Amino acid sequence: MNDGEAIALALEEAKSAALRGEVPVGAVLLGADGALLARDGNRILELKDPTAHAEMLVMRNGAKALGNERLTGTTLYVSLEPCAMCAGAVAMARVGRVVFAACDPKGGAVLHGPRFFEQPTCHHRPVVEQTELLAVEAGEILRDFFRARRS
């Protein structure tokens with residue numbers, strides 16, 4: 001599976017999350033061989049779990065699929081720039097690469113805010129790429145979701 005296909009799957013998961021009333025963020029985890037390990041969207045409300053971000057869910061399921069807490073060589077695709085909690089989990093899991101669509105200047109922790117992977121206390125730094133692939137659509141899904149909540 002290539003980057004475009006994987007980020008499109010993450011966007012599908014974001015849309016599904018929105019239909020469940022969750023903040024529309026989706027994630028996909030591919031193995032080192034490019035095989036799909038996990039895909040999911042936010043489930044914070046559904047699971048009554050503040051850590052049930054899409055990234056956390058796919059890393060948990062990916063670790064189970066691999067039978068290993070280390071996700072070395074994997075690639076995490078996310079529709080939105082990961083927050084500090086998710087960035088910390090990415091580092092702890094040793095994810096090899098993170099690719100995200102929309103930037104999050106307010107809550108993101110990769111290119112914005114604490115810039116987690118640039119901190120001297122961060123022991124593992126994945127390759128990070130912000131892709132233009134579907135970035136506009138990912139941003140629109142989020143804006144539409146929050147606009148509807150405010151009206």
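**Talking through a predicted chain**

Reader: Where in the chain does proline 120 lie?

Author: Proline 120 sits in the loop that runs between strand 4 and strand 5, the latter covering residues 127-130. Please keep in mind throughout that this is a predicted model.

Reader: Is that proline 120 buried or exposed?

Author: Proline 120 counts as exposed, because its relative accessibility is 74%, and exposed here stands for values over 50%.

Reader: And how many Å apart are proline 120 and alanine 18, C-alpha to C-alpha?

Author: The two are 36 Å apart in space when taken from C-alpha to C-alpha, and in sequence 102 residues separate them.

Reader: Let me step back, then: how many helices and strands are there in the chain?

Author: The chain has five helices and five strands, and when you read along the sequence they come in the pattern α-β-β-α-α-β-α-β-β-α. With a radius of gyration of 14 Å, close to the 15 Å that the globule rule gives for 151 residues, the chain is therefore as compact as a globular protein of that length.

Reader: What does the C-alpha trace span along its principal axes?

Author: The C-alpha trace spans about 45 × 30 × 30 Å along those axes. Buried residues make up 48% of the 151 residues, and of the contacts with a separation of 6 or more, 57% are between residues 24 or more positions apart.

Reader: Going on to helix 1, which of its residues are buried?

Author: The buried residues of helix 1 are Ala6, Ile7, Leu9, Ala10, Leu11, Glu13, Ala14 and Ala17, and what covers them includes strand 1, strand 2, strand 3, strand 4 and helix 5, which covers residues 135-150.

Reader: Why might residues three or four places apart point the same way in a helix?

Author: An α-helix has 3.6 residues a turn, so residues that are three or four places apart point the same way.

Reader: What span should helix 1 have at 1.5 Å a residue?

Author: Its 17 residues, 3-19, should span 24 Å, and the end C-alpha atoms are 25 Å apart, which agrees.

Reader: How far does helix 3 reach, and what does it pack against?

Author: Helix 3 takes in residues 54-66 and reaches 18 Å from its first C-alpha to its last, close to the expected 18 Å. Its buried residues are Ala54, Glu55, Met56, Leu57, Val58, Met59, Gly62 and Ala63, and they pack against strand 1, strand 2, helix 2, strand 3 and helix 4. Following helix 3 comes glycine 67, with a positive phi near 70°.

Reader: Which residues other than glycine have a positive phi, to name a couple?

Author: Among them is lysine 48, with phi near 55°, and its place is in the loop between helix 2 and helix 3. Another is arginine 94, with phi near 65°, in the loop between helix 4 and strand 4.

Reader: Are those two buried or exposed?

Author: Lysine 48 counts as exposed, because its relative accessibility is 74%. Arginine 94, by contrast, has a relative accessible area of 26% and is therefore partly exposed.

Notes. Residues are numbered from 1 along each chain as its sequence is written. This is a predicted model: local features need pLDDT of at least 70, side-chain atom pairs count only at pLDDT 80 or more; totals for chains, interfaces and linings use all residues. Side-chain values use heavy atoms; hydrogens and water are left out. Helices (H or I, at least four residues) and strands (E, at least two) are DSSP runs, numbered from the N terminus. The radius of gyration is taken over C-alpha atoms; the globule rule is 2.2 Å times the number of residues to the power 0.38. Buried means under 20% relative accessible area, exposed over 50%, partly exposed in between (1.4 Å probe, protein chains only). Contact means heavy atoms within 4.5 Å. The expected span of a helix is 1.5 Å times one less than its number of residues.
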